[in-house]
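The following note sets out several points on the fold and its helix packing. Please read it alongside the model shown here.

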Amino acid sequence: MFKILPPARDLATLVQGYWFVEDLPGDHAGAMIRTSPVPYAVLSVNIGRPNAEENGRLVPDVALLGLQSQNRSWCSWSDTYFVMVMLTVSGLVRLFSHTGPSSADRLLDLGAVTGDGPAKSLKSSVGAALTPLRIAGVLDQWLISRLSNIQAVPESRQIAMAHHALHRGETVETAAKLAEVDRRQLNRLFQRHLGVGPKELASLERLHSSLQSVQAGSGDSKNGFSDQAHQTRSWRRRLGVTPGAYSRTARTQLTEHFGTNNPLSGIAYYF
């Protein structure tokens with residue numbers, strides 16, 4: 001089962017969607033799933049047996065993964081069932097402030113971030129909810145409660161404005177002007193709260209847009225890149241494959257569901 005449900009309206013700018021991945025019968029057991037770099041963070045909650053990373057280490061029951069600038073791999077097996085809260089840049093800064101540098105490209109046990117109490121409460125509540133619709137309601141309640149109990153960092157508005165500009169394909173210089181800071185100050189803000197600089201985030205946005213266009217077979221796959229050579233270099237460096245070679249690759253079920261067929265898609269499963 002692959003399913004995406006939207007968050008509550010109050011969370012719309014912070015959460016891109018709730019992604020459910022279930023393989024309880026083990027139909028894909030032993031399969032190594034690769035995911036691309038992506039300009040989202042992920043709060044994941046294991047409902048079934050915790051899956052494993054490529055190095056064999058088990059994923060924490062409740063984990064936070066910051067912005068992803070590198071490929072990631074995990075192994076499915078029987079009893080796999082988890083839900084991912086896809087956090088926007090604003091969602092990471094607002095809901096888990098000051099965690100960006102420690103969580104970028106790194107999976108953290110949520111208990112180390114929020115304390116054991118909130119993490120265990122989330123795990124037990126999600127586990128008892130059973131159906132995706134009820135689990136989405138539990139996640140809504142937990143996240144909205146967290147919003148009311150933590151204070152927003154003063155720079156969150158500047159980061160959101162700058163990121164919105166980068167997402168549109170604007171330059172770092174333009175993003176800095178919109179945030180009313182200079183480039184050096186913007187870089188410090190991004191590094192402090194996201195763990196990546198604005199240039200790196202802009203690169204992730206370009207790659208993600210390009211990958212989704214190639215997956216869907218529509219749109220301009222070079223959008224944001226100066227030319228095809230620039231696009232190909234970025235793909236090779238980040239994904240280890242060229243756009244042409246990838247377009248000829250057979251699609252996995254995860255790619256078909258999350259990468260091409262769903263208007264709420266965010267992350268790209270590419271192998």
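**Notes on packing and architecture**

1. Helices H6 and H8 are roughly perpendicular to each other, a class that covers angles of 65 to 115 degrees, whereas angles under 35 degrees count as roughly parallel, over 145 as roughly antiparallel and the rest as oblique. H6 spans residues 156-167 and H8 residues 183-193; they pack at about 105°, with axes 11 Å apart. Axes are lines fitted to C-alpha atoms, for helices over the stretch in contact, and angles run from 0 to 180 degrees between N-to-C directions.

2. On the H6 side, the contact (heavy atoms within 4.5 Å) is made by Gln158, Ile159, Ala162, His163 and Leu166, and on the H8 side by Leu186, Leu189, Phe190 and His193. These residues comprise 6 nonpolar, 3 polar and no charged. Here Ala, Val, Leu, Ile, Met, Phe, Trp, Tyr, Cys and Pro count as nonpolar, Asp, Glu, Lys and Arg as charged, and the others, Gly among them, as polar.

3. The model is predicted: local features need pLDDT of at least 70, side-chain atom pairs count only at pLDDT 80 or more, and totals for chains, interfaces and linings use all residues. Residues are numbered from 1 along each chain as its sequence is written, and side-chain values use heavy atoms, with hydrogens and water left out.

4. The axes of H4 (residues 116-129) and H5 (residues 132-149) come within 8 Å and cross at roughly 160°. The two helices are therefore roughly antiparallel to each other. Pro118, Leu122, Ser125, Val126 and Ala129 of H4 meet Arg134, Ile135, Val138, Leu139 and Trp142 of H5. By class, this contact holds 8 nonpolar, 1 polar and 1 charged residues.

5. An open sheet of 3 strands, in the order S3-S7-S5, has antiparallel pairing; strands pair if DSSP finds at least two bridges between them. S3 (32-35) and S5 (52-53) are at the edges with a single partner strand each, so one side of each is left without a neighbour in the sheet. Between S5 and S7 (residues 72-75) there are 2 bridges, and Ala52 stands opposite Cys75 in S7.

6. Overall, the protein chain has 12 helices and 9 strands, taken as DSSP runs numbered from the N terminus (helices H or I, at least four residues; strands E, at least two). Its radius of gyration, taken over C-alpha atoms, is 18 Å, close to the 18 Å that the globule rule (2.2 Å times the number of residues to the power 0.38) gives for 271 residues, so the chain is as compact as a globular protein of that length.
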